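The structure is shown first, and the description follows.

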Amino acid sequence: MDLIFQGIKKAFYLLVTFDPEVMGITLLSLRVSGTATLISLLLGISTGTLIALTQFPGKRFVVSLVNTGMGLPPVVVGLLVTIFLWRNGPLGFLGILYTPMAMILAQAVIATPIIMGITVAAIQQLPNKLRLQILALGATRVQMVWILIKEARLPLLAGVMAGFGGVVSEVGASIMVGGNIKGYTRVLTTATVMETSRGNFDVAIALGVILLMLAYTVNLILTTIQQKEKNR
Amino acid sequence: MPNSLRQTKKRVCWRWIGAFCFLMFFLSPSTFVSADQRSVILATTTSLQDCGLLDLLIPIFQRRTGYFVKTIAVGSGQAIAMGRKGEADVLLVHSPEDENQLMREGNGVNRRRVMENDFMIVGPMEDPANIQGMRSARDAFRKIALSSWLFLSRGDHSGTHAKEKMVWSLLRINPEGEKWYQQTGLGMGETLNVASEKRGYTLTDLGTYLALKKNLRLKVLAQGDPLLLNPYHVIEINPIKWRKVNAAGSRAFSEFLLSKDAQEIIKTFGANRFGSPLFTDTGKKREILGR
Amino acid sequence: MNPTLPILEANHLRVEREGTLLLDIPSLKIEKGETLALIGPNGAGKTTLLQTFSLLITPFQGALFFNGKRVGTELSVLEYRRKLAMVFQEPLLFQTDVFNNVASGLKIRGIKKNEIHERVMEQLERFGISHLRNRSARTLSGGEAQRTNLARAFAIQPEFLFLDEPFASLDPPTRDSLLVDLESVLSHTKTTTLFATHERLEAVRLSDRVAVMNRGRIEQMGPPEEVMNDPATEFVASFLGIETMLKGKVVRKEGGTFVASISGKEIEAIGEVDCGEAVVLCIRPEDVTLSSSPLKEKTSARNVFTGRILRIVPLGPYQKVHLDCGFPLVAYITHPSQKTLSLTEGIEVKASFKATAVRVIKKG
């Protein structure tokens with residue numbers, strides 16, 4: 001108990017003094033996970049909408065596959081991405097292993113199915129006739145899809161939160177593909193793991209508290225947008 | 001123009017500015033700095049990162065040479081495996097048998113001893129197997145086995161695990177499967193914590209033990225056997241076998257570790273914090289080894 | 001533009017799904033400015049017809065012509081769709097405020113902001129929902145939502161309008177007030193309208209022509225009074241509320257009238273028929289008069305029968321009386337009349353109706 005109290009104290013100390021290393025780590029966490037979420041949004045929403053709106057043989061299989069992907073273990077993703085990015089691996093020519101890029105890639109792989117799955121559900125729960133109404137209003141196919149996505153924006157925002165929350169708190173993949181390199185690929189979660197094994201439990205808890213605060217702030221912003229939209 | 005329309009226009013404007021700033025923040029170039037010829041991948045053991053020695057040495061090396069060191073801190077076993085696949089440029093490890101294997105396969109070149117310290121046996125305060133003060137690691141291990149008191153093994157193919165297995169094999173004891181022998185599969189720090197909680201014995205390196213000592217209910221019971229010497233070697237990965245290896249960078253790092261300045265830092269590291277240095281440089285222990 | 005061309009023409013339209021025929025329209029022409037009501041029971045194909053005409057369903061075969069131009073070749077589907085507006089039974093509003101909902105069709109067409117504003121305000125005014133323009137669509141009542149939906153449809157100034165049971169889920173007072181407004185808007189804009197409903201009275205009130213649909217086909221089409229008074233088939237007659245339909249044979253002709261034999265009883269009716277021809281006689285319940293026997297005063301009714309009351313069913317302001325006169329006959333009677341005549345189940349009464357009240361359907 002004493003340790004937790006010390007950790008919280010430490011967290012405030014680090015934040016108030018603008019500790020440059022902790023600031024850098026926090027900012028990198030936000031950046032890597034934010035960019036990964038952004039990429040996942042583009043991929044997840046477009047593919048998810050496509051899956052939801054088209055009929056094709058094996059659709060049910062694909063949807064269940066996506067839903068399974070929502071629970072991809074980050075460690076497995078990390079391992080696979082590492083093997084692909086190895087110098088002598090299939091994507092070795094990119095030379096991005098142990099860079100923030102690699103972390104973004106791995107986190108995007110984790111977050112994309114989450115956002116895709118939520119998109120499929122969100123689009124499918126819109127009334128069927130809404131598509132007809134939009135077409136009858138003179139919309140092109142592209143306009144129709146865009147309007148449908150806009151109509152599903154509330155559950156989609158929940159998807160963004162789930163995706164970001166999933167990757168920002170994830171450690172297995174980040175440590176594998178990023179390597180926890182000081183000042184370069186060290187993010188809040190990997191730093192927490194390292195400080196724990198160093199026995200600096202107070203710093204580890206402080207980093208955990210900062211991570212919680214970061215996740216909370218991002219979710220607060222998104223929730224505010226969501227609630228505002230809801231009342232429109 | 002009606003008021004409501006003007007308001008919508010204003011809101012749309014702010015939205016675009018917000019989105020632009022947002023994108024600029026995430027997609028700014030610094031996020032995408034990728035590896036180049038100036039970076040060196042160092043695969044090493046967690047214990048070196050955890051004790052803080054690398055945080056001291058690497059910035060100096062980077063400042064002097066301009067190389068950027070990517071430290072991947074894993075177990076010695078995994079570090080050597082990375083070297084075997086050409087996925088690292090240089091190794092700093094402490095698992096002599098695996099290192100020899102790597103050299104024999106022709107994956108490594110220029111293996112040199114950087115520093116060393118000792119492994120030691122730690123255990124619960126009451127010392128149920130009664131090994132306190134023993135010098136021989138073999139005798140101590142045998143007594144623990146005979147007492148059937150809990151012994152915690154790393155079980156992760158790290159350097160420490162390799163050393164522990166070596167001692168058991170010298171005793172011709174196969175502890176695997178025994179009730180009193182448990183493998184954590186974790187790093188040194190976690191294993192020490194487990195040993196402390198479960199009141200078991202374990203083999204540890206000095207650095208990690210000292211770093212965690214304040215939170216542990218364990219004490220050093222047996223040490224000083226030359227068998228428990230823990231040497232760290234630097235190995236450059238063979239650039240002829242693995243074309244993508246940064247040969248110049250790994251050579252520079254290896255040279256740096258053996259330089260006078262680096263050795264000085266190693267020799268004194270930890271003295272302030274722990275009361276005694278964690279490592280000895282290469283020169284000093286050579287007499288002890290020289291048999 | 002050729003003034004004689006119908007604005008909308010369908011030829012040999014057929015829609016099938018999984019081998020079942022959903023719609024079969026050999027030919028349908030809609031004149032500019034007219035209101036055509038589609039009536040029929042649920043599943044008759046009204047919705048399918050509207051969705052086929054708006055090309056939301058691709059027909060199995062057949063062609064649509066807009067002002068003589070074939071849709072799909074001479075006129076693209078998108079261009080065609082942008083000339084029409086569709087109003088469904090559900091409001092299907094977007095999750096935004098009323099203003100932006102009404103504006104949505106215009107935004108899709110890329111119309112300039114000032115013009116959108118002007119046109120939206122005009123429609124909001126027209127449907128009496130200006131005060132709601134900043135309200136979220138999800139907070140609207142059923143009537144307000146459907147008004148918004150109609151305003152959205154009229155905002156694009158459609159060449160023709162499809163209404164698919166737009167009032168079916170509204171409560172009667174709301175429906176009546178909306179109907180009044182729609183009537184005045186339609187008479188003002190003269191928008192060509194196809195209007196599906198299962199409410200006969202709505203159809204009569206709003207339309208220039210009525211088409212009665214059954215099983216994907218149009219059974220009868222014509223001005224409302226014609227269809228109401230002169231049903232062409234038994235289906236149309238029964239759908240239009242004619243309870244009594246009697247199959248018989250013409251036995252003699254006397255001038256303009258004829259007599260048909262129905263299960264041994266003779267009924268007089270008016271119509272051009274041949275002797276021996278099979279006919280169906282339709283009698284509206286409101287045209288049947290009941291009196292206690294014996295009949296005292298002379299009536300002009302030629303058809304007078306004695307019947308036993310089988311059942312009396314309360315029907316709001318009326319009582320519906322099922323009689324057995326040797327053939328089944330249904331009559332409406334008011335509560336006061338029921339009291340004075342002291343009608344109860346099981347007693348015998350006199351039932352009479354005029355020869356002119358009998359609609360005749362010839363059995364081909």
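A residue is called buried if 20 or more other C-beta atoms lie within 10 Å of its own, exposed if 12 or fewer do, and partly exposed in between, with C-beta atoms placed from the backbone. By this criterion H157(B) is partly exposed, because 18 other C-beta atoms lie within 10 Å.

The model is predicted: local features need pLDDT of at least 70, side-chain atom pairs count only at pLDDT 80 or more, and totals for chains, interfaces and linings use all residues. Residues are numbered from 1 along each chain as its sequence is written, while chains are lettered from A and ligands numbered from 1 in the order in which they are written.

## Chain C: overall architecture

Chain C has ten helices and 20 strands; helices (H or I, at least four residues) and strands (E, at least two) are DSSP runs, numbered from the N terminus. Taken along the principal axes, the C-alpha atoms of chain C fill a box of roughly 75 × 45 × 40 Å. Of its 364 residues, 39% count as buried. Among the contacts in chain C with a separation of 6 or more, 66% come from residues 24 or more positions apart; two residues are in contact if their C-beta atoms, placed from the backbone, lie within 7 Å.

Chain C is divided into domain 1 (8–238) and domain 2 (244–362), with bounds that come from an automatic or database domain assignment. The C-alpha centres of domain 1 of chain C and domain 2 of chain C lie 39 Å apart. Their contact takes seven residues from domain 1 of chain C and five residues from domain 2 of chain C. On the domain 1 side, these residues divide into three nonpolar, two polar and two charged. Here Ala, Val, Leu, Ile, Met, Phe, Trp, Tyr, Cys and Pro count as nonpolar, Asp, Glu, Lys and Arg as charged, and the others, Gly among them, as polar.

## A five-stranded sheet in chain C

An open sheet of chain C contains five strands in the order β15-β19-β16-β17-β18, with antiparallel pairing; two strands pair if DSSP finds at least two bridges between them. At the edges stand β15 (289–291) and β18 (328–334) of chain C, each with a single partner strand, so one side of each is left without a neighbour in the sheet. On average, neighbouring strands of this sheet are turned by 45° against each other, direction ignored.

Strand β17 (residues 318–324) of chain C runs antiparallel to β18(C), and seven bridges join the two. D324(C) stands opposite P328(C) in β18(C).

Between chain B and chain A, 26 residues of chain B are in contact with 21 residues of chain A. On the side of chain B that touches chain A, α2 (46–51), β2 (68–74), α8 (188–198) and α9 (206–212) of chain B each supply at least two residues. The most comes from β2(B), with four residues. The residues of this side divide into ten nonpolar, nine polar and seven charged.

Between chain C and chain A, 21 residues of chain C are in contact with 15 residues of chain A. At least two residues each are supplied to this side of chain C by α2 (77–81), β6 (84–87) and α3 (98–108) of chain C, and α3(C) gives the most, with three residues. The side comprises nine nonpolar, seven polar and five charged residues.

## Helix packing in chain A

Two packed helices are described by the angle between their axes and the distance between the axes. In chain A, helix α2 (residues 20–53) and helix α5 (residues 100–124) pack at an angle of about 40°, with their axes 6 Å apart. Axes are lines fitted to C-alpha atoms, for helices over the stretch in contact, and angles run from 0 to 180 degrees between N-to-C directions.

The crossing of α2(A) and α5(A) is right-handed, that is, the near helix is turned clockwise from the far one by less than a right angle. The contact of α2(A) with α5(A) involves 19 nonpolar, twelve polar and no charged residues.

## Local backbone features

Most residues other than glycine have a negative phi. H157(B), which is not a glycine, has a positive phi of about 60°; H157(B) lies in the loop between β5 (151–153) and α7 (159–170) of chain B. N67(C), also a residue other than glycine, has a positive phi near 50°. The place of N67(C) is in the loop between β4 (61–66) and β5 (69–70) of chain C, and N67(C) counts as partly exposed, with 16 C-beta neighbours inside 10 Å.
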